[in-house]
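Biologist: I would like to go through the aromatic contacts here and hear the reason behind each label.

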Amino acid sequence: MKGAPLTLFALPDQKAETNHLALDVPLLGSLILTHSPDGEIRGLKDFAPQDRPPVAIPFFAFRIMVGIGLLMFALIAVSWWLRARHRLFDSVWFQRAAMAIAPLGFVAVLAGWTTTEVGRQPWTVYGLMRTTESVTPALTGASALVSLLAYMAVYLIIFPAGVMIMARLARNGPTGETAMAPVEAGRASAPVEIELRHGGES
Amino acid sequence: MDTLDFVPVWTLIMGAGIFFYVVLDGFDLGVGMLFGLAPDTPSRNIMMNAIAPIWDGNETWLVLGGVGLLAAFPLAFAIIIPALYFPILVMLLALVFRGVAFEFRFRDREHKSFWDHGFAYGSAVATFAQGLALGAFIQGFKVEGRAFAGGVFDFLTPFSLLTGIALLFGYGLLGAGWLVLKTEGEVQARARRQGRLCLTGVLVGVAAVSIWTPLMNAEIAQRWFSWPNLLILSPVPILAALVAFGVWRALSGSAQSGAFIGAIALFTLSYTGIAISLWPMIVPYHYTLWQAASSPSTQAFLLIGTLFLLPVIFTYTGWSYWVFRGKVRGDQGYH
């Protein structure tokens with residue numbers, strides 16, 4: 001398709017090969033990908049149906065990733081504006097917004113990963129090997145399920161523990177413990193067994 | 001250009017990389033297991049401090065081994081990794097517990113005992129899984145064409161259980177040797193006692209594997225016991241016996257570094273023994289190093305990057321060991 005638009009939002013309908021409720025910016029898709037407003041972009045319809053990925057997942061994952069990125073840029077722009085007006089350090093609403101946006105980086109990374117991994121389907125090696133052909137023959141569905149459950153069990157222990165510890169470090173703030181321990185005679189000397197000195201807790 | 005054979009170079013890199021991994025992560029996994037047997041918190045803190053600055057550097061060799069196998073010997077990777085799916089999975093999950101324990105045990109004091117157990121059991125499970133993988137590798141896999149054709153639990157055999165238990169003692173011995181080198185007083189004395197126990201276990205294990213392997217495979221028996229190989233290869237077991245004797249003396253006397261160096265020598269000889277038995281196979285009894293290798297241009301391409309990378313790894317590894325040289329004390333350490 002020549003002069004393709006950039007679709008900001010839509011509800012893709014894979015069966016009907018169309019987008020519902022599409023919000024398009026004309027020509028911008030071609031401009032971004034080919035640096036020319038009438039450049040040609042090969043759409044999904046140019047590929048055989050069995051060579052297409054499931055559309056909805058990468059469609060939304062990509063927009064979540066880019067949207068979060070734009071949100072972060074907006075936050076930076078606001079911080080410059082506040083800084084110029086000497087209000088950066090006492091605008092509580094801005095600091096709350098910065099805190100709220102912090103975890104979104106992880107969401108953006110996961111969404112980006114989802115975009116590439118689902119978007120490359122059904123290929124493992126493009127044009128040469130399909131995902132179904134690259135599965136380990138010995139790995140049965142039951143084994144794959146067991147290993148997935150094992151991963152989940154481990155991360156259900158490790159991840160909440162990590163979040164809890166990070167939350168505690170953030171809550172206590174930069175007290176007591178300095179970032180760098182003194183270095184004596186070429187050897188760093190900060191004990192593994194650091195007493196974390198913070199308000200009330202031992 | 002296309003007649004140039006990079007397989008010997010890659011064999012050397014992979015062989016050395018896996019050996020560095022076994023010895024280096026071996027001793028800190030061993031310290032992790034002995035950590036679980038330590039009677040009090042001060043001892044445990046000292047043992048943790050003895051490996052805290054270097055353990056994660058040691059595990060980079062595991063990454064090099066895995067990626068090197070994928071890139072330089074893709075056919076071997078495609079057969080071995082599926083065949084050892086569960087031991088490798090269990091090993092990695094155990095290493096997760098062990099890895100976070102370094103940080104979590106003192107940042108999450110309410111659950112310190114939980115993370116201490118995670119550290120000790122994580123170390124033991126990772127070691128046992130590696131031993132199972134080694135045994136299954138020596139026994140060989142069921143292969144059809146260019147794929148593993150067995151079941152996911154084929155790795156579990158009496159022989160692999162033996163190598164799993166033997167490796168627990170082996171890494172325990174390396175860990176005890178490291179603790180003798182890095183600690184003093186009561187912790188060191190305990191390491192000497194535990195080291196002698198581990199050495200006994202290692203010798204029983206190595207002897208059993210050395211008898212069992214040629215009985216399993218006539219070709220290996222032929223390689224070791226035919227004339228004149230019997231004479232040429234005899235230094236391997238003789239040296240192993242002498243080194244074992246030296247390690248026992250070093251553990252019993254007052255030597256500080258002898259036990260660790262001797263334990264490494266014992267691992268070197270065992271590793272050499274396995275290499276002699278299996279050469280030139282990388283997928284034992286099915287594919288040689290040359291048959292499993294990627295194309296010469298791929299291997300050459302990878303070699304360029306690797307030859308820049310290896311000196312960097314050696315430099316920072318050596319540097320970190322140099323910075324943290326000397327005895328570890330309980331009241332100071334790295335973090």
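Modeller: What follows takes some ring contacts of this predicted model one by one.

Biologist: How many aromatic pairs does a search of the whole structure find?

Modeller: Over all chains, 26 aromatic pairs are found. One of them is formed by B:Trp178 and B:Phe260.

Biologist: Why is the pair of B:Trp178 and B:Phe260 called edge-to-face?

Modeller: The ring centres are 5.2 Å apart, and pairing asks for centres within 6.5 Å. The planes stand at 65 degrees; over 60 counts as edge-to-face, so the label applies.

Biologist: What makes this pair a link between distant parts of the chain?

Modeller: B:Trp178 is in helix α7 of chain B and B:Phe260 in helix α12 of chain B, 82 residues apart.

Biologist: Why is B:Trp178 called buried?

Modeller: Its relative accessible area is 6%, and buried means under 20%, so B:Trp178 qualifies. B:Phe260, at 9%, is buried too.

Biologist: Why is the pair of B:Trp178 and B:Tyr321 called edge-to-face?

Modeller: The centres are 6.0 Å apart and the planes at 80 degrees; with limits of within 6.5 Å and over 60 degrees, the pair is therefore edge-to-face. B:Tyr321 lies in helix α14 of chain B, 143 residues from B:Trp178.

Biologist: Why does B:Tyr321 count as partly exposed?

Modeller: Its relative accessibility is 22%, which falls between the limits of 20% and 50%, so partly exposed is the term.

Biologist: Which ring does the charged end of A:Arg63 sit over?

Modeller: That of A:Phe59, 3.7 Å from the ring centre. In chain B, B:Arg325 lies over the face of B:Trp322, at 4.1 Å from the ring centre.

Key: Residues numbered from 1 in each chain as written. Chains lettered and ligands numbered in written order. Predicted model: local features only at pLDDT ≥ 70, side-chain atom pairs only at ≥ 80, totals over all residues. Heavy atoms only, no water. Phe/Tyr/Trp six-rings, centres within 6.5 Å; stacked < 30°, edge-to-face > 60°. Helix = DSSP H or I, 4+ residues; strand = E, 2+ residues; numbered from the N terminus. Buried < 20%, exposed > 50% of the residue type's maximum accessible area, 1.4 Å probe, protein only. Lys NZ or Arg CZ within 6 Å of the ring centre and 35° of its normal.
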